[in-house]
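Dear colleague,

Please find below the structure that I am handing over to you.

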Amino acid sequence: MADTDTIVVIGGGIAGVSCTETLSTLCKNESITLVTASPLIKAVTNFKQISRRLEEFDVVENPSSELQEAHRNVTVLQAKVVSIDPLKREIVTSTGESVPYTKLCICTGGSPKLIMKDDPNVIGIRDTESVSQFQAKLGGSRRVIIVGNGGIATELAYEIEDCEVVWAIKDKSISSAFVDAGTAQFFLPHLSGDKKVQEGPMKRVKYTVKPSPASSSESGAKGGALGPDWSLGIPMNGQVQRSRHVRVEYECEEIWRTKNTDWPVYALLTNDKLYGCDFIVSATGVVPNGNEFVTQNLDLKLAMDGGVIVNDCMKTNIDHIYAAGDVCSASWDWAPHWLQMRLWSQARQMGCYAAQCIKADLNDEAISLDFCFELFAHVTKFFGYKVILLGKFNGQGLDDEYDILLRMTKGVEYIKVILKDGRMQGAILIGETDLEETFENLILNQLDLSRYGEDLLDPGIDIDDYFD
Ligand code: FAD
């Protein structure tokens, strides 16, 4: 049971665990209590910096005892937090237990936006449990409909085999949460036929699901979100042996479920096409769990997207309460080449930084925003290709006033650079381009590149040498 000098962190996802571990190291004399609804908690292992801003790490799910053993001043409580009292400075769990705090960090993540709730034929993918449910359903299926156009939908469209896939998206191009229509063209041929053979060792964040007997979360609360490479090593096979083919239905705003007899579920798309299928996967994004604790007593300010507003010290509007990860909305003045996306990498960075802010606050010290918030840098994998996104990779916030440089070798690589007034603002690198470090530097140092023109992407020029 915690004493009055306890720092409490809510949430056993990557933000909460990173926050707890960092606090444990920084605040050796404080006791830290991690309260989480999920029986397993996330752990980052094999962390490597692959460039100044891009991170590579593996992620595992561990029993909470491992965190307690590794960190003497940490206690993990498996419980769902039902309320926070900012006056008494305590949290209350669903079992009625109250835990006092000196500082509190909310890291409760988000919940999938489901197109139809409580319908057994519509499933969302968020955590280990939902992946098992999805796999079980897929095993007996002939056709599935994927709804959504973000990272999860893109991975599913690529990974599902032996089952017909209809991918219903509201946009004019696939994977639009990450890439523009031009870049999406590069991926289109990979919607059919054999999957890309993985060459060489994998150089990106890897996610491992360790099965555990204790797999269900407390009081129906969801486990932590899955993360990068969640789909690797998870067979996604349907019932019919057939070559891969994904049929994309563009610009369908919504889907209406309708009844018939041949299939368990029918979906009428807003382009008037009707598809029968075995089930529908709703991969339409995540809503931050920002309002979970909002009451008259706890008037936490939320952003338009539902996230808890935090300032550049990860503080909410309520004294002594911080937030980090998917649940929060970064509401400081962003650096020109950073943006918030609810990603694994940002959950880790925010969790660690929130711990530093809490420590600074306890010691009455000033703190400046961590350098990881200077540049957006993300590595992922789509259709078997390494994908690196840097800065304003889609010209976000540049009001269409920018130039684009492109280099593409079909099936091999795709490089897109965003330039404004001759200075690099962002880039998309697909394939093994090895340009990430140089481009990171060019975005950060804002060198005037006008005189290089298109030579910047000339494959005959060693661009590293140019800018060394
Ligand atoms: P979560 O991981 O959601 O953790 C929240 C924690 O809070 C959980 O442990 C939950 O049990 C606990 N909790 C919630 N409410 C309560 C309560 N009331 N009381 C106690 N505990 C509570 N990101 C990438 O960067 N790259 C990818 O390729 C990628 N792929 C993804 C694929 C999938 C299928 C999904 C679902 C997400 C993916 N993401 C990816 C996003 C990434 O996983 C999330 O951004 C990240 O995990 C968020 O971490 P978090 O700690 O903020 O929240």
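Please note that the model is predicted.

As to the overall fold, 55% of the 468 residues of the protein count as buried. Among contacts with a separation of 6 or more, 62% are between residues 24 or more positions apart. The protein exposes about 20600 Å², of which carbon and sulfur atoms supply 47%.

The largest nonpolar core comprises 100 residues, and those with the most contacts inside it are Ile84, Ile91, Phe134, Ile160, Trp167, Phe187 and Met314. Helix H6 (residues 344–362) provides the largest share of this core, with 8 residues. Leaving aside residues up to four places away in sequence, Phe134 touches Ile123, Ile125, Leu156, Ile160, Met236, Phe279 and Val281. Another core, of 22 residues, lies apart from the largest one; Leu54, Val417, Ala427 and Leu457 are among its members.

Turning to the cysteines, the structure holds 0 disulfides. For Cys105, the nearest cysteine sulfur is that of Cys107, 3.7 Å away, whereas a disulfide requires a pair of sulfur atoms within 2.5 Å. Cys105 has a relative accessible area of 0% and is therefore buried. Cys277 is likewise in no disulfide, the nearest cysteine sulfur being that of Cys163 at 9.1 Å. Cys277 is also buried, with a relative accessible area of 0%.

With kind regards

How values were computed
Residues numbered from 1 in each chain as written. Predicted model: local features only at pLDDT ≥ 70, side-chain atom pairs only at ≥ 80, totals over all residues. Heavy atoms only, no water. Buried < 20%, exposed > 50% of the residue type's maximum accessible area, 1.4 Å probe, protein only. Core = buried A, V, L, I, M, F, W, Y, C linked by side-chain atoms within 4.5 Å. Helix = DSSP H or I, 4+ residues; strand = E, 2+ residues; numbered from the N terminus. Contact = heavy atoms within 4.5 Å. Areas by Shrake-Rupley, 256 points an atom, 1.4 Å probe, with all protein chains shown as cover.
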